[in-house]
Amino acid sequence: MKDCTILGIETSCDETSAAVVVNGRDVRASLVSSQVDLHAKYGGIVPEIASRAHIERIRPIIEETLATAGVSYEDLDALAVTVGPGLVGSLLVGVTAAKTLALTRGLPLVPVDHIEAHATSASLTADPPPWPAVALVVSGGHTSLYLVRDFLDIELLGQTVDDAAGEAFDKVAAILELGYPGGPVIDRVARDGNPKAVRFPRPWIHEPHANFSFSGLKTAVLYHVYGGGQKYGSVAHLTPQEVADVAASFQAALVQTLVKKTLAAAQRAGVVNVVVGGGVAANSALRAQLQDACTRAGLTLLLTPMKYCTDNAAMIAALGYRRFLRRETADLWLEPRAGLLRPSKTARLSKQG
Ligand code: KG4
Ligand code: ZN
């Protein structure tokens, strides 16, 4: 069979990325331009700044990716682009670039759901693909559990009803005045802290559904640090050791919730493989505890290299390849969307779960 070469484009949040992937697995080039420095001083992503940076970077990054892969537009079989979920202004830049290339180069256009791509990114390194698997997608924008039966049979089992796990890390780091992005710094500071120092809530940990809620956990940290009636109003009254203890205790509550709910979902679904995607997959406590829990439960954990866990276009091209084989292409009316491409019928989002 002739090789199928796909250019993937990803601009859903604050990373501008392009990749050339052959036959859904062979990554010839994958470039990511992060905007983290642009947003750091605001303590979070500013959508307008993100879109503007995407506009400046998208063309150079596509050309550099093609040059790195040693591929020209004539060698491409299709374009795969993230259509959502994400920041609409950011998505619009990638979708417009893809539509422009589809029109000018006469290439088929394949829309890809960003979170489904995270859920299936393990296929870039696992051979054969590890399906069926339960996939935990944890990043600054998403916390979801999926049952991946196959590339084209992906079921959303549940997701956060409020804050994403990475967002909770970022907000707790802001409360503790540790800087942005918060995940890596809490991970580091927590190593010197006692995870049992403060008993923070483990939201819905034993509930028989796959939804998450982390805003209450974040608020519990806020009350603990600021004191009753906002007596202190800042973290200044805590010693560095107490800050480390709060960071470790918060991380323990969040990680334990993620681990327990992921294992319960795998057991309910009757699958043995567990995969993880998203930036929070870098968390050392999550990796260690998930590995430990999976080993004890007789499940196989596949940890994808971090470059494919954080936002990247290789995962978009990889899933785009499967959709292209099924001729799931779009026309030039394609528009970005803030929400999921295929909202689940089964995942319930009510507080009652
Ligand atoms: O997937 P990602 O790069 O971007 C999206 O949000 O789509 O994820 C970024 C998130 C941020 O919230 C960041 O704080 C979190 O991942 N993160 C971590 C760690 N490294 C990054 N969270 C916990 N521990 C880490 N080591
Ligand atoms: Zn993402």
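Biologist: How far is an oxygen atom of ligand 1 from a polar backbone atom of Gly 141?

Modeller: In this predicted model, the distance between that ligand 1 oxygen and a polar backbone atom of Gly 141 is 3.5 Å.

Biologist: And which distances apply to the side chains of Asp 170 and Asp 311?

Modeller: For Asp 170, an N or O atom of the side chain lies 2.8 Å from an oxygen atom of ligand 1. For Asp 311, the corresponding distance to a ligand 1 oxygen is 2.9 Å.

Biologist: How much of ligand 1 does the protein bury?

Modeller: The protein buries 88% of the 550 Å² that ligand 1 exposes when taken alone. The space that ligand 1 takes is the largest pocket.

Biologist: How many residues surround ligand 1, and which are the closest?

Modeller: There are 18 residues around ligand 1, and the closest are Gly 140, Asp 170, Asp 187, Gly 279 and Asp 311. By class, the shell comprises 10 polar, 5 nonpolar and 3 charged residues.

Biologist: Which helix gives the most to that shell?

Modeller: Helix H6 does, with 4 residues. Helix H5 (165-175) and helix H6 (182-190) each supply at least two residues of the shell.

Biologist: Changing topic: how many salt bridges are found in the whole structure?

Modeller: The search finds 13 salt bridges. One of them joins Asp 77 and Lys 2, with the closest N and O atoms 2.9 Å apart.

Biologist: What does the pair of Asp 77 and Lys 2 tie together?

Modeller: Asp 77 is in the loop between helix H2 (47-69) and strand S4 (78-84), while Lys 2 is in the segment before strand S1 (5-10), so the pair ties together parts that are 75 residues apart in sequence.

Terms used: Residues are numbered from 1 along each chain as its sequence is written. Chains are lettered from A and ligands numbered from 1 in the order in which they are written. This is a predicted model: local features need pLDDT of at least 70, side-chain atom pairs count only at pLDDT 80 or more; totals for chains, interfaces and linings use all residues. Side-chain values use heavy atoms; hydrogens and water are left out. A residue is near a molecule or strand if one of its heavy atoms lies within 4 Å of it. A polar contact is a pair of N or O atoms within 3.5 Å; within protein, one must be able to donate a hydrogen and the other to accept it, and residues adjacent in sequence count only if both atoms are side-chain atoms. Accessible areas come from the Shrake-Rupley method with a 1.4 Å probe; for residues, only the protein chains shown count as cover. On a 1 Å grid over the protein atoms alone, a cavity is a set of points where a 1.4 Å probe fits but cannot get out, and a pocket is an open set with protein on both sides within 12 Å along at least five of seven lines; lining residues have an atom within 4 Å of a point. A molecule sits in a cavity or pocket if more than half of its atoms lie within 2 Å of its grid points. Ala, Val, Leu, Ile, Met, Phe, Trp, Tyr, Cys and Pro count as nonpolar, Asp, Glu, Lys and Arg as charged, and the others, Gly among them, as polar. A salt bridge is a side-chain nitrogen of Lys or Arg within 4 Å of a carboxyl oxygen of Asp or Glu.
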